[in-house]
Amino acid sequence: VVDGRLFVSMAGVHQIWEFSLEREQVAVFAGTSREGINDGPRIDMATLAQPSGLATDGVYLYWVDPESSSLRRVPLDGFGDVETMVGTGLFDYGDVDAQGTQAKLQHPQGLAYADGMLFVGDTYNHKVRAVDSGTRQVMTAAGTGTRGWDDGPSNLARFDEPGGIAAGDGRLFIADTNNHLVRVMNMGDGEVSTLLLSNLGVATAVAPGTVLRVELPEQEVAPGAGVMQVVVMSPAGYHLNSSGPSRLVLESGNASVAELGEREVTWVSDEQEVRIPVPVQLQDGETRLTGHASVYYCREGEEALCFVQAVEVEVPLRVRSGGGGQPELRIQLPEVQ
């Protein structure tokens, strides 16, 4: 957003659109809608190639075109032509640090601007590139060029198809697509780390309903060595999603009453439900077993939607001689409207 104008990269029609937030009107800002890498007047002659990440320095609007592996720009005020800063032709690509059109990118998708530099998520080269907006010199900011997941100094860090990228507080935040991670690069020393979120409850608390809270009835069981069954069930017409890293972290309120043999369980399944045995040592007394889960599941159908559900589950447990069978922790996932 710049001065009440929202710029949108319309990859499918090879254009950039401008939406006036005040007038609520949309207009084409750049691109004839023909795919290409032609420079010139922004609407009548310039051709784009699936424009993706956008950035601005307050004077120019910059973007990357993945299909031509290029970095382009046009004046924000509209008085000026579209220019190609990096890139040579439709479907031309490579991995070369150099100046301007002598440099090569490969299918870049993300772009951010900070302190005179344009940072490019050079997706298929598995790198973050830095482009001087004045000299057009292209440099490798981070990444070895080999796909992987390694933190550390920028020249040793590895990514797997970095996509979206944003700058803030002296750092770059990088969507590391195939690693399913957010990576962080310190722009001062180039150190790359993986973003860890330890307080997800803060985020979920402001959006009621995003966490499924399950309070199970009290269970009465006998003491001794046993097995707790963890059961995760999707509703009718849904199935679990093996492409998602479903995970459950378990806690016992009193380990002297119920000592868990495993604290964390994960599963990979496309079935409607999973059953996971967890060893447990039970002694006379009362406690509560709790679980915090992230579960991935999908509607049935060839083009059905998939979902991730955060779950907090709790079951009161009474252990005494003459009690019933083994404890069970059951999660019934909801239908999604």
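Tyr-62 is buried, at 1% relative accessibility, where buried means under 20% relative accessible area, exposed over 50% and partly exposed in between (1.4 Å probe, protein chains only). The model is a predicted one, in which local features need pLDDT of at least 70 and side-chain atom pairs count only at pLDDT 80 or more, while totals for chains, interfaces and linings use all residues. Residues are numbered from 1 along each chain as its sequence is written, and side-chain values use heavy atoms, with hydrogens and water left out.

A search of the whole structure gives 4 aromatic pairs. Rings of Phe, Tyr and Trp (its six-membered ring) are paired if their centres lie within 6.5 Å; planes under 30 degrees apart are classed as stacked, over 60 as edge-to-face and the rest as tilted. The pair of Phe-7 and Phe-29 is edge-to-face, because the ring centres are 5.0 Å apart and the planes stand at 70 degrees. Phe-7 belongs to strand S1 (residues 5-10) and Phe-29 to strand S3, so this pair ties together parts that are 22 residues apart in sequence. Helices (H or I, at least four residues) and strands (E, at least two) are DSSP runs, numbered from the N terminus. Both Phe-7 and Phe-29 are buried. The rings of Tyr-60 and Tyr-62 form a tilted pair, since their centres are 6.0 Å apart and their planes are at 50 degrees.

Two of these rings also have an arginine over the face. Arg-42 lies over Phe-29, at 4.7 Å from the ring centre, and Arg-73 lies over Tyr-60, at 3.8 Å from the ring centre. The criterion for a charge over a ring is NZ of Lys or CZ of Arg within 6 Å of the ring centre and within 35 degrees of the ring normal.

Ring pairs also link Tyr-238, Tyr-297 and Phe-307 into a cluster. Tyr-297 is found in strand S24 (residues 285-299) and is buried, with a relative accessible area of 0%. Leaving aside residues up to four places away in sequence, the contacts of Tyr-297 include Tyr-238, Phe-307, Pro-235, His-239, Cys-306 and Leu-333; contact means heavy atoms within 4.5 Å. The C-alpha atoms of Tyr-297 and Tyr-93, which are 204 residues apart along the chain, are separated by 37 Å.

Nonpolar cores were defined as sets of buried Ala, Val, Leu, Ile, Met, Phe, Trp, Tyr and Cys residues joined through side-chain atoms within 4.5 Å. The largest has 33 residues, of which Met-228, Val-232 and Trp-267 touch the most other members. Strand S25 (residues 306-319) supplies the largest share of this core, 6 residues. Apart from residues up to four places away in sequence, Val-232 touches Leu-240, Trp-267, Gln-272, Glu-273, Val-274, Val-295, Ile-331 and Leu-333. A second, separate core of 15 residues has Ala-141, Ala-157, Leu-172 and Met-185 among its members. In soluble globular proteins, nonpolar side chains tend to be buried together.

The structure holds 25 salt bridges, each defined as a side-chain nitrogen of Lys or Arg within 4 Å of a carboxyl oxygen of Asp or Glu. One of them joins Asp-39 to Arg-72, with the closest N and O atoms 3.1 Å apart. Asp-39 lies in the loop between strand S3 (25-30) and strand S4 (54-56) and Arg-72 in strand S6 (residues 70-75), 33 residues apart, and the pair links distant parts of the chain. Asp-39 is partly exposed at 35% relative accessibility, whereas Arg-72 is buried at 0%. A salt bridge of 3.1 Å between the closest N and O atoms also joins Arg-275 to Glu-273. Arg-275 is partly exposed, with a relative accessible area of 47%, and Glu-273 is partly exposed at 30%.

Strands S10 (residues 127-132) and S11 (residues 138-142) run antiparallel and are joined by 4 bridges; two strands are taken as paired if DSSP finds at least two bridges between them. Ala-130 has Met-139 in S11 as its bridge partner. The hairpin of S10 and S11 has 5 residues between the strands, and Arg-136 takes a positive phi near 65 degrees there. The side chain of Arg-136 meets that of Glu-83 in a salt bridge (3.2 Å, N to O). Glu-83 lies in strand S7 (residues 83-86) and Arg-136 in the loop between S10 and S11, so the pair ties together parts that are 53 residues apart in sequence. Glu-83 is partly exposed at 26% relative accessibility, as is Arg-136 at 21%.
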